[in-house]
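Here is a protein model to look through together.

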Amino acid sequence: MPDGRSRLARRVKLKDKHIVTRMMDIAAGLPDVIKLGRGDPDLDTPEHIVRAGQDALASGATHYTHPLGLPELRQAIADDIATHGGARYAPEDVVVTPGGQQAMFIIALGLLDPGDELLIPCPGYNPYLQAAELTEAALVNVRTTRATNFTLTAELVEQHVTPRSKLLILINPGNPTGTVIPPDEVVRICEVAREHDLVVVSDEIYARLTYDGHRALPVASLPGMRERTLTLSGVSKAYAMTGWRVGYFAGPSELMPALAEIHHAFAISTSAVGQYAALAALTGPQECVEEMRRTYDERRRALCDGLAAMGIPYAEPQGAFYVYARVAETGVGATEFCERLLAEGRVMIFPGRIYGDYTDDYARLSLTQTVPRIREALDRMAAVVEAIREERSPASRSPSTRSDP
Ligand code: PLP
């Protein structure tokens, strides 16, 4: 039987997908699973944004739009970036895409040649890896550790740069880690990028969701960076709009026509109704973002308290809506822990391996349930943790498995 897949399709590694598929299969047969897995807010899109979408449909927004996106939305995006301390962009230098996700593939296909090196934080949001694999670029995983709260440093980047390095991905705040690169470190990383002539993709999709005074510095606003940075973001996370599928990227004028062409080939344009809703999100009242941020913050505290009570350490969560916890502390690897937690405790979380974590020590917990549900998840988790520790304690082992004579 011929394989049927193209050379490029064979390059895309599917092994990590199998973990998610396996977990989805286990969950399908279980009642009342508490899902702290996917990065999809449980909160609904604010009412005024939904209404704008409905009004747009009623007024005939059922056609293609300008390929780059509605001009008024691109202006609103440019204004929004500038308002939050980013670089100034003309609307022609903004492309509205069906989610930030598609922007990653457009950028990879537009900028990478086979053999070019792409530096990506590890663990890091995995579609970047898949996008690079499709272009036959060489992936360079820049491993981060607990020592830097799982954030990139200039030193780490410098250690991995070679003459073939082309693109550096910064995801700030990070997914799956929920951590924020300190602003002075962002400045130093950008110095390395300039020195080695790297193009930076700055994924700032979680930038509005930070806690305890942390702030993700917009990369393109730094000296000498606008001309070498693609700022990638979208409305999915800050406005709870994952299902509307609206993201964007903005960059230097020289790079945009080629990227816009690839976007057109992929999508013609982004859904009109989604764009009108995104316009309402960016130009309407912003209190909803702060309300959601406070909600996640409260959940973050509840989750961290519970993990601490179980003796499970975690990276200090400073942004996004994730907690990256060292579940291997329980005595089993993260993948096994996640599967047992699901099967025995009916709580779904994802092992870090999905995001390229090479240790199988960590798992990502999403803050996408209410505080009472998070507490319930923690109770269930505590029971599973206790069962694992009990099994592994020397007293519970049969004499034949003991190593002492
Ligand atoms: N960037 C990061 C870091 C993400 O975590 C996600 C989604 O989870 C995206 C981009 C893409 O989001 P969307 O396609 O919904 O805009």
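Predicted model: local features only at pLDDT ≥ 70, side-chain atom pairs only at ≥ 80, totals over all residues.

Residues are numbered from 1 along each chain as its sequence is written, and side-chain values use heavy atoms, with hydrogens and water left out.

Me: How many disulfides does the count come to?
Reply: A disulfide is a pair of cysteine sulfur atoms within 2.5 Å. The sulfur of Cys122 has its closest cysteine sulfur in Cys338, and 16 Å is too far for a bond. For Cys338 the closest cysteine sulfur is in Cys304, also too far at 16 Å. The count of disulfides is therefore 0.

Me: Is Cys338 buried or exposed?
Reply: Buried means under 20% relative accessible area, exposed over 50%, and partly exposed in between (1.4 Å probe, protein chains only). Cys338 has 0% relative accessibility, so Cys338 counts as buried.

Me: Is Arg326 buried, exposed or partly exposed?
Reply: Arg326 has a relative accessible area of 25%. That value puts Arg326 in the class partly exposed.

Me: Which side chain is joined to that of Arg326 by a polar contact of 2.7 Å?
Reply: A polar contact is a pair of N or O atoms within 3.5 Å; within protein, one must be able to donate a hydrogen and the other to accept it, and residues adjacent in sequence count only if both atoms are side-chain atoms. The 2.7 Å contact joins Arg326 to Glu329.
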